[in-house]
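User: Can you walk me through a few local features of this one? Keep it short, please.

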Amino acid sequence: MNTTEQRTLFAFDCGATNWRLYRTQYEIVGYKARLIGEPSPSPLTSFVDRRLPAVLQLSADGTGLESYGENAQSQIDNESSRLHIRDYFKPCIGAYLEANPQPHQLRYTHKQALEYTRLMLEAVLAQLLREKWRRGSFDERLIFTFAYPVHWQTAHEGVIFDDFSAMVRGCFPEEVWENTRFVSEPEGAILSLQRQGHLQTLSPGKTTLIIDVGGSTTDLVAGEVDPSTGELLFIGRYGEAFGGGHYDVAIARSLSDELLVPASAMADDPSALLSLRNVAKRLKESLSRQLLFDQDTTHIPQRTVTLVMREGEIYRSVVKLGRDRFQSITTRLSMQFEGLIENGLQVIGLKDTDIGQVVLVGGGGQLFSVYRALEERFA
């Protein structure tokens, strides 16, 4: 007789700008597993709107964790505290292997980026143990999964993935290492879309293209939906280090010019760009919500910025971000995104006429320029 065992699964999406946590349960009967209910967000008290800002504040000596999430993010505008703030560190993981890494990928070393991820993950796991499990320690009844960019395993002989997975497992007791699993971000999206019934059954020969735009990476996965099972049969995949955070940096530099902050001052206080990038992100998100969902397109998002530099200089102004300015600032990035899609289709071996449906997922998918670019190309 088959015995029935129940397991709890916690799934982590450790993004570049936000982390998310999901929970589900399933039964194991013999050699088969069956989900009990749908996966659902399982935020902790440190999460805001079901997400945890991927920001941490180091201790004064730089070796420990002072705060993380929203608490650390609230210190970004404090010129004395932001010296110890670390954010957007995921893009720096593995950047040393890239032939031409971008400036935001060089903010931290590979080792530092992994260490900041470790500090934050250990803090979140400790909170998870207090708030969601409450059994003193993790045991065999728990399964943990972690999403990762697909190119971490396919490029550079998988060295980046090996380092990341080793760091994650080091945050758990050795006895539960075998209960720690990893899934590429686009494959996780596929599983979710399948269970929710969002993948249509197309005519034979037509391909489903899933585009996962995150904060620092964009991944493409193509496949055909099996009409008998509803499963996606893989055709190919492609990924690049490009995401919504690139737009934040470009807008932040434009804001610096508008505030008339001398380049020398920014060079002496690089943490000031962190504060401006936070403003840029909020303006970008407000503009995207307006252009995608609101009827009123006459209102231009604006914010009052007070930037205090390390040496005491203060720059203050009301800054605005309308559609025209956004497009002017991000022209190069829009071209880069269009090139990424073209490169991906060529690598996978697809023509536009082969594609029957395009599914856009990921936080970066809420950026109106990304949505419009795909809408124009694939109608």
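Predicted model: local features only at pLDDT ≥ 70, side-chain atom pairs only at ≥ 80, totals over all residues.

User: At what angle do helix 10 and helix 11 pack?

Analyst: About 50°, with the axes 10 Å apart. Helix 10 covers residues 331-348 and helix 11 covers 368-378. That makes helix 10 oblique to helix 11. Angles under 35 degrees count as roughly parallel, over 145 as roughly antiparallel, 65 to 115 as roughly perpendicular and the rest as oblique. Helices are DSSP runs (H or I, at least four residues), as are strands (E, at least two), numbered from the N terminus.

User: Which residues in helix 10 meet which in helix 11?

Analyst: From helix 10, Phe337, Glu338, Ile341, Glu342 and Leu345. From helix 11, Val370, Ala373, Leu374, Arg377 and Phe378. By class, this contact has seven nonpolar, no polar and three charged residues. Contact means heavy atoms within 4.5 Å. Ala, Val, Leu, Ile, Met, Phe, Trp, Tyr, Cys and Pro count as nonpolar, Asp, Glu, Lys and Arg as charged, and the others, Gly among them, as polar.

User: New topic. Where is Asp269 found?

Analyst: In the loop between helix 7 (263-268) and helix 8 (271-293).

User: Is Asp269 buried or exposed?

Analyst: Asp269 is buried, at a relative accessible area of 3%. Buried means under 20%, exposed over 50%, partly exposed in between (1.4 Å probe, protein chains only).

User: What does the side chain of Asp269 make a polar contact with?

Analyst: The side chain of Arg82, at 3.0 Å. A polar contact is a pair of N or O atoms within 3.5 Å; within protein, one must be able to donate a hydrogen and the other to accept it, and residues adjacent in sequence count only if both atoms are side-chain atoms. A polar atom of the Asp269 side chain also lies 2.9 Å from the backbone nitrogen of Arg310.

User: What about the phi of Glu157?

Analyst: Positive, about 60°, and Glu157 is not a glycine. Its loop lies between helix 3 (151-154) and helix 4 (159-169). Glu157 is exposed, with a relative accessible area of 78%.

Terms used: Residues numbered from 1 in each chain as written. Heavy atoms only, no water. Axes fitted to C-alpha atoms, helices over the stretch in contact; angles between N-to-C directions.
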